[in-house]
Amino acid sequence: MEIVILGDATEAGFGCGSIRVTPADARRCQDDARALSLTRVQEMARCWRKVSGRSPVLSAVGGRADRWSKDLVELSTYQAGFFPRMDGRALALSRFDELLFSCLDKQWSTPVNVFVRRSSAGDELRKWLTHTGDVFLAMRLRQWAGHHGDKAALESEPCQPENFMKEARYRLSDAGDEIQRAGLSEIGQGAPLPVWGVTAYDPLAPWVAVDDDTDHQRVQLLEERATQGVE
């Protein structure tokens, strides 16, 4: 056994890759394998069902304070960063997309140019990309450029088609500049992004990240937010 493929090049785009494993490595891993306890297997199964469910992790209310719930806290906060946000009464880009737009302007940029952008937004964006991989950056730029046709937030043109990270270059359109300055006019204006079991910027399931009265963040449906008198 030489190659083990991790993941798949799915629409979700949360990375795929490979590692080289020698037969000796594989035998050593097999020798070191230990069975998980039934309790731990059940915890992991509950965690997976929550992560892959049709509702974002942070949409849950209450719940038991057991080990698997605590394990979800950091993961769910990360997940929320891909959903559009309610900023007061305004609908804003997700934190990830806000950083992405901040690393673009009216000049043409390849995904590589965006990746190496020297700015505070560029520094934070690179931290995100340590989890998603740089391929996710190129994919997200392509999604924004292909969303809403001639009203897309990003303009694109071919560059080096043989290199995925340079196959096209992008710049903010007038619509993208308006989104960056004033936020989203409606949730469908954002390019849809599958995030595990749910989709961000989906008008049929308009989940948004909000800050409650504590230091915690939540993800709620827009109509739920409206009943609380925010919109």
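Reply: Trp196 sits in the loop between strand 7 (193–195) and strand 8 (198–200), strands being DSSP runs of E with at least two residues and helices runs of H or I with at least four, numbered from the N terminus. The model is predicted, so local features need pLDDT of at least 70 and side-chain atom pairs count only at pLDDT 80 or more, while totals for chains, interfaces and linings use all residues. Residues are numbered from 1 along each chain as its sequence is written, and side-chain values use heavy atoms, with hydrogens and water left out.

Me: What is the phi of Trp196?

Reply: Most residues other than glycine have a negative phi. Trp196 is not a glycine, yet its phi is positive, at about 60°.

Me: Is Trp196 buried, partly exposed or exposed?

Reply: Buried means under 20% relative accessible area, exposed means over 50%, and partly exposed lies in between, with a 1.4 Å probe and protein chains only. The relative accessible area of Trp196 is 31%, so Trp196 is partly exposed.

Me: Where is His148 found, and what is its phi?

Reply: His148 is found in the loop between helix 7 (134–145) and strand 5 (154–158). With a relative accessible area of 40%, His148 is partly exposed. Its phi is positive although the residue is not glycine, with a value near 80°.

Me: How are helix 4 and helix 6 oriented to each other?

Reply: Two packed helices are described by the angle between their axes and the distance between the axes. For helix 4 (residues 95–102) and helix 6 the axes are 9 Å apart and the angle is about 135°; axes are lines fitted to C-alpha atoms over the stretch in contact, and angles run from 0 to 180 degrees between N-to-C directions. Angles under 35 degrees count as roughly parallel, over 145 as roughly antiparallel, 65 to 115 as roughly perpendicular and the rest as oblique. Helix 4 and helix 6 are therefore oblique.

Me: Which residues does Leu129 contact, leaving aside its neighbours within four places in sequence?

Reply: Leu129 lies in helix 6 (residues 120–132) and is buried, with a relative accessible area of 4%. Contact means heavy atoms within 4.5 Å. Under that condition, the partners of Leu129, neighbours within four places left aside, are Phe96, Phe115, Asp134 and Leu137.

Me: Which residues of helix 4 are buried?

Reply: Helix 5 (111–115), helix 6, helix 7, strand 6 (168–172) and helix 8 (174–182) are among what covers the buried residues of helix 4. Those buried residues are Phe96, Asp97, Leu99, Leu100 and Phe101.
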